[in-house]
Amino acid sequence: MKIDILTLFPEMFTGVLGSSIIGKAVQKELVSFRVVNFRDYAGNKHGQVDDTPYGGGGGMVLKPEPIFHAVESLTEANGEAAAAKPRVVLLCPQGKRYDQRLAEELAKEEHLIFICGHYEGYDERIRTHLVTDEVSIGDYVLTGGELPAMVIIDSLVRLQKGALGNEQSAVTDSYSTGLLEYPHYTRPASFRDLSVPDILLSGHHENIERWRLKESLRRTLERRPDLLERQELTKEMKKLIEEIQQEL
Ligand code: ADE
């Protein structure tokens with residue numbers, strides 16, 4: 001997977017793209033990054049990338065030329081045919097809310113371009129004629145698109161085959177299954193009078209699986225009942241939910 005990032009603050013990405021699972025995925029050549037300062041494409045000697053809005057009012061608006069030129073140069077450098085155009089993702093609070101479903105969709109792409117903006121906004125022609133997806137990471141406003149791009153990139157890299165040490169962990173994640181994850185415990189079995197549930201020490205595989213499913217359901221019911229409404233429940237799940245409700 002190739003990921004290009006357009007930003008005015010490339011230095012923000014250095015630590016994140018070189019560390020942990022993402023850094024290892026780069027070493028394993030599962031993913032490659034190009035971080036581009038679109039000020040380099042400003043085409044004027046002052047490197048001006050923003051300007052005052054037509055019609056007046058406060059704030060600055062990102063100009064179209066630097067961003068169009070940067071995206072075009074990245075796709076041309078790749079020799080991509082018109083038919084194989086990459087998805088161009090604009091980070092903004094008005095975008096579609098990011099979730100695991102969109103992560104799984106974007107993780108299948110071969111080439112993605114992220115545009116990280118600052119200031120008041122983007123010239124509308126960037127949205128209408130360059131961008132394929134506008135994405136928000138949540139209902140709050142950040143100072144720029146860099147942190148959202150990092151959040152999304154992290155979620156995409158860990159879905160690449162071979163990126164996680166344990167392949168199972170991406171499958172059983174909260175949200176991938178549609179349920180929140182069950183509680184985890186490790187040694188010691190007893191810590192300050194706090195003990196691990198007996199069933200996990202029993203070695204009885206089937207009972208443990210049932211307990212885990214029940215605790216996933218309990219947690220989802222308590223914290224995110226909306227996730228259950230979107231889910232098709234098996235007979236076993238319905239029975240476990242009944243048990244949970246009787247315990248209340
Ligand atoms: N830029 C500023 N706030 C944002 C958000 N919540 N999501 C994506 N991009 C943003």
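This is a predicted model: local features need pLDDT of at least 70, side-chain atom pairs count only at pLDDT 80 or more; totals for chains, interfaces and linings use all residues.
## A walk from the ligand outward

Start by selecting the residues around the ligand: Leu91, Cys92, Pro93, Val135, Ser136, Ile137, Gly138, Tyr140, Val141, Leu142, Gly144 and Pro148. Residues are numbered from 1 along each chain as its sequence is written, and side-chain values use heavy atoms, with hydrogens and water left out.

Zoom in on Cys92, where a backbone N or O atom lies 3.2 Å from a ligand nitrogen. At Tyr140, a polar backbone atom is 2.8 Å from a nitrogen atom of the ligand. Then pick Leu142, which has a backbone N or O atom 3.0 Å from a ligand nitrogen. Taken alone, the ligand exposes 260 Å², and the protein buries 96% of that (Shrake-Rupley areas with a 1.4 Å probe).

**The shell.** Next, color by secondary structure (DSSP runs: helices are H or I with at least four residues, strands E with at least two, numbered from the N terminus). β5 (87–97) and β8 (133–136) are the elements that give two or more residues to the shell around the ligand. β5 supplies the largest share, 3 residues. What is the make-up of the shell: nonpolar, polar or charged? The shell has 9 nonpolar residues, 3 polar and no charged (Ala, Val, Leu, Ile, Met, Phe, Trp, Tyr, Cys and Pro count as nonpolar; Asp, Glu, Lys and Arg as charged; the others, Gly among them, as polar).

**Arg127.** Now select Arg127 in helix α5 (residues 124–129). Its side chain and that of Glu134 are joined by a polar contact of 2.6 Å (a pair of N or O atoms within 3.5 Å; within protein, one must be able to donate a hydrogen and the other to accept it, and residues adjacent in sequence count only if both atoms are side-chain atoms). Is Arg127 buried or exposed? Arg127 counts as buried because its relative accessible area is 14% (buried means under 20%, exposed over 50%, partly exposed in between; 1.4 Å probe, protein chains only).

**Glu104.** Move to helix α4 (residues 100–106), where you will find Glu104. With 32% relative accessible area, Glu104 is partly exposed.

**Backbone stops.** Finally, look at the cis peptide bond between Arg187 and Pro188, with omega about 5°. Glu29 has a positive phi, near 60°, and is exposed at 71% relative accessibility.

Conventions
A residue is near a molecule or strand if one of its heavy atoms lies within 4 Å of it.
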